[in-house]
Amino acid sequence: MSMRVIAGLALGFAAGFLAVLLFHQPVIGILRTAGLGGNATYSLAPVPPLGVPRVISLAFWGGVWGMVFALLRPYLPGRRAGFLLAGLVFGALAPTAFGWFVLGSGVPAIWWRGPVINGSWGLGTAILLLALNRFR
């Protein structure tokens, strides 16, 4: 694997991890404040199997999905607006569908909440990838 690919994966992980903290969790807070439900934000409750705080687990998996998004980058629109839209759509669809159909959480009664929350993560990941690539 080339150093360029490794650097891209590292940036994807960092962007996805930070996007959970800076985009995903605040959107959950906004929805919860608006009375539209959702989990507690920035939860420190331990999650199995390792007992790490929930927000750290979410951020870790956000980083993993960020690596997937970074791998797709050569196939995504190069213009800023197109790339941001791709991030939004990727976030709304890929992690949400994975949770519903692979992890078995099923499509919840409030079906729109997952795509909105994860879409905000995807948009945030794209924004952060663009920003981090400027310092590369």
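**Exercise 1. In this predicted model, determine which residues have the most contacts inside the largest nonpolar core, and which elements give two or more residues to this core.**

Solution. The largest nonpolar core has 13 residues, and those with the most contacts inside it are Phe-69, Phe-83, Phe-90, Trp-121 and Leu-129. The next step is to assign the core to secondary structure: the elements that contribute two or more residues are H1, H2, helix H3 (80–102) and H4. Finally, take Phe-90 and set aside its neighbours within four places in sequence; it is then in contact with Trp-65, Val-68, Phe-69, Leu-72, Pro-95 and Trp-121, and two of these partners, Phe-69 and Trp-121, are themselves among the core residues with the most contacts.

**Exercise 2. Describe how helix H2 packs against helix H4, giving the angle, the distance between the axes, the handedness and the residues that meet.**

Solution. Two packed helices are described by the angle between their axes and the distance between the axes. Here helix H2 (residues 54–72) and helix H4 (residues 113–134) pack at an angle of about 65°, and their axes are 11 Å apart. As for handedness, H2 passes H4 in a right-handed crossing. On the side of H2 the residues that meet the other helix are Gly-62, Trp-65, Gly-66 and Phe-69, while H4 brings Trp-121, Thr-125, Ala-126 and Leu-129. Sorted by class, this contact of H2 with H4 has 5 nonpolar, 3 polar and no charged residues.

**Exercise 3. Decide whether His-24 and Leu-93 are buried or exposed, and place each in its element.**

Solution. Begin with His-24, which lies in helix H1. Because its relative accessible area is 9%, and buried means under 20%, His-24 is buried. Its side chain makes a polar contact with the side chain of Gln-25 at 3.0 Å, and, leaving aside neighbours within four places in sequence, His-24 is in contact with Ala-19, Leu-58, Ile-117, Asn-118, Ser-120 and Trp-121. Turn now to Leu-93, whose place is in helix H3. Its relative accessibility is 55%, and since exposed means over 50%, Leu-93 counts as exposed. The C-alpha atoms of Leu-93 and Val-116, which are 23 residues apart along the chain, are separated by 9.7 Å.

**Exercise 4. Characterise Tyr-42 and Ser-43 in the loop between H1 and E1.**

Solution. Tyr-42 is placed in the loop between H1 and E1, and it has a positive phi of about 50° although it is not a glycine. At 39% relative accessibility, Tyr-42 counts as partly exposed. Ser-43 also has its place in the loop between helix H1 (3–33) and strand E1 (46–47), but Ser-43 is buried, with a relative accessible area of 16%. The side chain of Ser-43 reaches the backbone nitrogen of Ala-45 at 3.2 Å; beyond its neighbours within four places in sequence, Ser-43 is in contact with Pro-53, Arg-54 and Val-55.

**Exercise 5. Find where the cis peptide bond from Pro-48 to Pro-49 lies, and state its omega.**

Solution. The bond from Pro-48 to Pro-49 is cis, with omega near 5°. To locate it, note that the place of Pro-49 is in the loop between E1 and strand E2 (52–53).

How values were computed:
Residues numbered from 1 in each chain as written. Predicted model: local features only at pLDDT ≥ 70, side-chain atom pairs only at ≥ 80, totals over all residues. Heavy atoms only, no water. Axes fitted to C-alpha atoms, helices over the stretch in contact; angles between N-to-C directions. Helix = DSSP H or I, 4+ residues; strand = E, 2+ residues; numbered from the N terminus. Left-handed = near helix turned anticlockwise from the far one by under 90°. Contact = heavy atoms within 4.5 Å. Nonpolar A, V, L, I, M, F, W, Y, C, P; charged D, E, K, R; others polar. Buried < 20%, exposed > 50% of the residue type's maximum accessible area, 1.4 Å probe, protein only. Polar contact = N/O pair within 3.5 Å; in protein donor to acceptor, adjacent residues only side chain to side chain. Core = buried A, V, L, I, M, F, W, Y, C linked by side-chain atoms within 4.5 Å.
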